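Please find below a colleague's note on the model, arranged as numbered points.

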Amino acid sequence: MNFPENLTYTKEHEWLRVEGNTAILGITDFAQGELGDVIYLDIPTGKVAKAGESIGSVEAVKTVSDIYTPVSGTVIEVNSGLNDAPETVNKDPYGAGWLVKIDMSNPAEAKSNTMGVAEYKALIGQ
Amino acid sequence: MKRTPFFDKHVALGAKIVEFGGYEMPVQYPSGIIAEHKIVREGGVGVFDVSHMGEFDITGPDAQKFLQYISVNDVAALTPGKAQYSAMPLSSGGIIDDLLIYMLAPDHYMAVVNAGTQPKDWAHFTTQAANYNVTLRNDSDATALLAIQGAKSLQTMQKLTDVKLAEIPYYSFAQGKIAGVDAIISRTGYTGETGIEIYFTSEPAIASKVWDAIFEAGKEFGIAPIGLGARDTLRLEMGYCLYGNDIDETTNPLEAGLGWITKLNKATPCIAADALKNQKEIGIKRKLCGFIIEEKGAIARHGHLIIDSSGAKIGEVTSGNISPMTGKAIGLGYVPVALSTEGTEITIETRPGKRVIGKIVKPPFVAPHTK
């Protein structure tokens, strides 16, 4: 399993990458493996959420899983490439399989509410 | 927790292992459920380890009479070499389990039951057998069962046996050798595709040899192992019931759309004959129906409520998933009889506050190729 060094991670198995005031969020390689084949992403654009809240869900063949944002803000973009190719989440979870972009209302949370690679790997027993 | 003789094979193949029916079973392999599903549906061949299923051997002069009493289908319709889908009811009509009954010879049958229900099934068999001159043997642990399914299944398995597989009709079987090992070779399955199921010894070295021989024989067709995840999506596309999901002790065969196996006028009536005749007379109130959902991404799952316009529960989804072949969400659920006709729209609550429209359709959801 692959966990890029340039991302930070949550205990709910999302990853986060910060570009200015925008946080890009996806699910980890571990999470996509546990979920299995992803078939649909149900996250509304414009959703406003506080850190730790659910912003929507990812539906896989076997199960549906909530997606939690570690940062407060507004979902400004949902990855439209997943509409016709949801399996991209499985194939490329850190690249083309990203889920949403969030306009952060408190960017400091991006650091305080996520963990580094080593800590995340320890969490999942890798 | 129990393991089948193929557990090490699954682990070596990278399977994700889950608990199912008291066994550690492969739910999927690294290629994933949808890819596995399509191998079986789109002209390939897949191998399912279903050794967790239970097998009971029934012999004796009362064998037929006994099975008539404990199962709803007409066992007298069987001849040696034929198998039959049936259900085992409580006297109230609720379903203890669904099962296959194989007639091996006069006065000799095999019943194949689900894994999770095997202990209670065996208890029921032994209790009911007290009044009959029959001998029962629980062969569940001693028996391996592999299902080889898909368009290339017969060609694959023909390399390993002298039995003419194409000459065995659907729901019939032969007793012969597969890779030199004694087996019951059955033209049955749970996928809706052409296929074979083979019952043979679970002795680890022999079982392993059979597994390896099958994968070698199917190599040229891209043979692949298939987990329980795709087994579930394949059976759902056919509208086949899954015990514990669609049928259980609170549902009777008439409601479950299993009237076609429920022979209320057979010469030796079953334990639930009075209850089921009465149910038929007064009419069922709810019916297990298939439905499809057109809205993209709205998937109904087991336990989701079917509601009326006021939001009150009027039924329940018992199975639901995406159909890997159509890309649409499909499912089975109990609805009031008035809403059970094809084309009727039902409202399903897929999560608190989220309602989607399902349309009643008659399964199968995808054309079968069993013959």
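This is a predicted model: local features need pLDDT of at least 70, side-chain atom pairs count only at pLDDT 80 or more; totals for chains, interfaces and linings use all residues.

1. Residues are numbered from 1 along each chain as its sequence is written, and chains are lettered from A in the order in which they are written, with hydrogens and water left out of side-chain values, which use heavy atoms.

2. Chain A has four helices and nine strands (DSSP runs of H or I, at least four residues, and of E, at least two, numbered from the N terminus). Its radius of gyration, taken over C-alpha atoms, is 13 Å, close to the 14 Å that the globule rule gives for 126 residues, so chain A is as compact as a globular protein of that length; the rule is 2.2 Å times the number of residues to the power 0.38.

3. In chain B, six strands close into an antiparallel barrel in the order S14-S17-S16-S15-S18-S19, where two strands pair if DSSP finds at least two bridges between them. Strands S16 (residues 313-322) and S17 (residues 329-336) of chain B are joined by six bridges, and B:Ser319 stands opposite B:Leu332 in S17(B).

4. A search of the whole structure finds one cavity of 30 Å³ or more (a set of points on a 1 Å grid over the protein atoms alone where a 1.4 Å probe fits but cannot get out; lining residues have an atom within 4 Å of a point). Residues lining the largest cavity include B:Gln149, B:Arg187 and B:Thr370.

Technical notes. On a 1 Å grid over the protein atoms alone, a cavity is a set of points where a 1.4 Å probe fits but cannot get out, and a pocket is an open set with protein on both sides within 12 Å along at least five of seven lines; lining residues have an atom within 4 Å of a point. Grid points are joined across faces, edges and corners, and a volume is the space filled by probe spheres set on the points.
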